[in-house]
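Subject: Structure handover

Hello,

Here is the structure I promised to pass on. Please open it alongside this message.

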Amino acid sequence: MTNDDSTAPTTGDALANLSREERHFDPPEELAAHANVKADAYHEAASDRLGFWARQAERISWAEPFTDVLDWSKAPFAKWFVGGRLNAAYNCVDRHVEAGRGDKVAYHWVGEPGDTRTLTYSDLKDEVCKTANALSELGVKTGDVVAIYMPMIPETVVAMLACARLGAPHTVVFGGFSADALSGRIQDCDARFVITADGGYRRGAASALKPAVDEALRSCPDVRSVLVVRRTGQDDIAWTDNRDVWWHEIVDRQSADHTPEAFDAEHPLYVMYTSGSTGKPKGILHTTGGYLVGTAYTHWAIFDLKPETDIYWCAADIGWVTGHSYIVYGPLANGTTSLMYEGTPDTPHKGRWWEIAQDYKATILYTAPTAIRTFMKWGAQIPSEWDLSSLRLLGSVGEPINPEAYIWYRKEIGGDRCPVADTWWQTETGMIMISPLPGVTSGKPGSAMKAIPGVEAQVVDDAGEPVKPGSGGYLVLTDPWPAMLRTLWGDDERYRETYWSRFPGRYFAGDGAKLDEDGDIWLLGRVDDVMNVSGHRLSTTEIESALVSHRKVAEAAVVGAADPTSGQAVAAFVILRESAGDGGQDVVNELRDHVAKEIGAIAKPKSIMVVPELPKTRSGKIMRRLLRDVAENREFGDATTLADSSVMDLIKANLSQGKGDED
Ligand code: WTA
């Protein structure tokens, strides 16, 4: 199910629609005058990159200082801040309390039903210490992996930090993933403990989580304990004695004293699974010292963070890397006051985000283009009903932001005063890599601009040669960076092969990019079999595997088709087995549900087309380019390399008979 005919998509000149003034926006004068980072940072970092990162490492408290900034002698396996020892939870919490900032708010949390909680740094410290003590009582030891499957509640942050405090790497599995996806991840990293909740609130109702854990654990016999937060109070919750423990029954009675142990800078902090271009999700390993330095610096530099005055809101889910780096570790390391919201943006009304931003006087908002496009669809009238004048800076992440969405975001949310930082990075990079600096860069709608100070990126052609301004190619990172992934959990060879073999000595991101005439970078989307649906990474192969695991399916091909709201949408083409009959809506619904069960609702194909044949090259590779043409309602492109040139006619005939489904 691999594909060798994918090419970098072309953007067309999206800027052509914009007026001259709209093509770039200078930094606001006031912000530029007081910006954390000035233009000289680029030069400072370029002239001594490792010295630059050593200075950024002073943002972190080290129990023992490092002796070397970087050991790259076993490339591509990096060691940053060699010999340094630290505790991540101490850095995120205790040291702020010790410095007399215990009363500062760490999180203003808003539950979907309207309940709220405020946690100061002192509160957070107490909760983290109690939870670390509870986990120890349950038998969690340094090095044990703990799986976390939670809604967006403060205990999720507490759980992560309690694990970090004990040196027990966590693996947070997004609450939207299915029981099967959860058990696959638990097995892959051999997690022995799970932290979850009865459920969380989404779209105005309690949405259960514990049943998925119960189902997942049927195939994970090594899991010893499940710690369960009571959030929704659903009463029909199943309970396994000797395994399940209520959070409030064990955590609340613990002491709030806990002495943090210092771990090596390279001690594993967490594993985050993400889709690769083959079926099995990859366990991205992040370690402690470099990750904290990288996230703390970028959070401070790119959001121009002023810890004394900013109210910062990253509206991602903690289950994704954006939540790890920019809700938890980066902001807490910087002593930030953050907002956190549990639910969906349209509950109970479509102005919910703007109401929260107004009430808490948010100054910084970080979200994804797919959310912005949804708000655009709902109309500018909705945000205009709220006072958003506290906002001073906006960020975007997860997928290319089209110029129209950028301009709308800037105007309707940012009142035309807030710079927009289009931030490019990945689960693998751990930290933002390419982004404008708000006090320095004139932002261009649609461009992530340049690699930040201390990071080196290039756009190269097939042969690995840097392209000239005005040309497109592949994005590579030429030098190691502190928050980089260290390997794939348990699979060093796949790590080397996936990221470092296409252009030896350089990290291949899997993204196509274009350099404009000024040398600024425009991201063009994935060049491999990874789709980006609403900012979520999904693998075509993973969804194909899910489809062919259904008894009625003989063969399946999945492509990402352009979609006005979600960026891309999953479009599936399936050949049914003889015994399944000739399809129809029932089969299509059955297959969509099957994918949701195997992976999660986010992976459900938006369209499934039952076809008699799939277009293949003579060597048997599926020509996804042609399927994308079909899914996007275009005339088919060049089909001369097809083994059987009549296949596309068959698909076309099928389409005109109305057998395709789109819902
Ligand atoms: C895409 C999310 C264009 C890209 C932090 C990358 C982007 C993948 C941008 C990583 C951006 C992320 N512009 N594309 N500003 N940010 N991407 O691992 O294709 O969930 O490779 O990390 O999202 O997705 P991931």
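Predicted model: local features only at pLDDT ≥ 70, side-chain atom pairs only at ≥ 80, totals over all residues.

**The ligand site**

The ligand is surrounded by 17 residues. The closest are Asp-422, Thr-423, Thr-427, Arg-526 and Arg-537. By type, the shell divides into six nonpolar, six polar and five charged residues. Three elements each supply at least two residues of this shell: helix H11 (321-333), strand E20 (420-423) and strand E25 (521-526).

An N or O atom in the side chain of Asp-422 is 2.7 Å from a ligand nitrogen. For Thr-423, a backbone N or O atom lies 2.8 Å from a nitrogen of the ligand. Taken alone, the ligand exposes 530 Å², and the protein buries 96% of that.

**Domains**

The domain assignment gives domain 1 (118-261) and domain 2 (528-662). Their C-alpha centres lie 37 Å apart. Seven residues from domain 1 and seven residues from domain 2 make up the contact.

**Helix H16**

Helix H16 covers residues 492-500. Its buried residues are Arg-494, Tyr-495, Tyr-499 and Trp-500. Their cover includes strand E15 (282-287), strand E23 (487-488) and strand E24 (507-515).

**Two residues to look at**

Start with Ser-442. This residue lies in the loop between E20 and strand E21 (457-460). Ser-442 counts as partly exposed because its relative accessibility is 25%, which falls between the 20% and 50% cut-offs. Leaving aside neighbours within four places in sequence, Ser-442 is in contact with His-24, Phe-25, Asp-26, Pro-27 and Met-449. With Asp-26 there is also a side-chain polar contact of 2.6 Å.

Then go to Thr-196, in strand E8 (residues 193-197). Is Thr-196 buried or exposed? Thr-196 counts as buried, because its relative accessibility is 0%. A polar atom of the Thr-196 side chain lies 2.8 Å from the backbone oxygen of Tyr-149. Not counting residues up to four places away in sequence, Thr-196 touches several others, including Met-150, Leu-209, Val-213 and Val-228.

Most residues other than glycine have a negative phi, and most peptide bonds are trans. Some places here depart from that pattern.

- The peptide bond from Ala-75 to Pro-76 is cis, with omega near 5°. Pro-76 sits in the loop between strand E1 (68-71) and strand E2 (79-82).
- The peptide bond from Thr-347 to Pro-348 is also cis, with omega near -5°. The loop between strand E17 (337-341) and helix H12 (352-360) holds Pro-348.
- Arg-203 is not a glycine, yet has a positive phi of about 50°. Its place is the loop between strand E9 (199-202) and strand E10 (205-208). Arg-203 counts as exposed, because its relative accessibility is 59%.
- Lys-361, again not a glycine, has a positive phi of about 55°. Lys-361 is found in the loop between H12 and strand E18 (364-367). With a relative accessible area of 56%, Lys-361 is exposed.

Best wishes

Technical notes
Residues numbered from 1 in each chain as written. Heavy atoms only, no water. Buried < 20%, exposed > 50% of the residue type's maximum accessible area, 1.4 Å probe, protein only. Helix = DSSP H or I, 4+ residues; strand = E, 2+ residues; numbered from the N terminus. Contact = heavy atoms within 4.5 Å. Near = heavy atom within 4 Å. Polar contact = N/O pair within 3.5 Å; in protein donor to acceptor, adjacent residues only side chain to side chain. Areas by Shrake-Rupley, 256 points an atom, 1.4 Å probe, with all protein chains shown as cover. Nonpolar A, V, L, I, M, F, W, Y, C, P; charged D, E, K, R; others polar. Domains from an automatic or database assignment.
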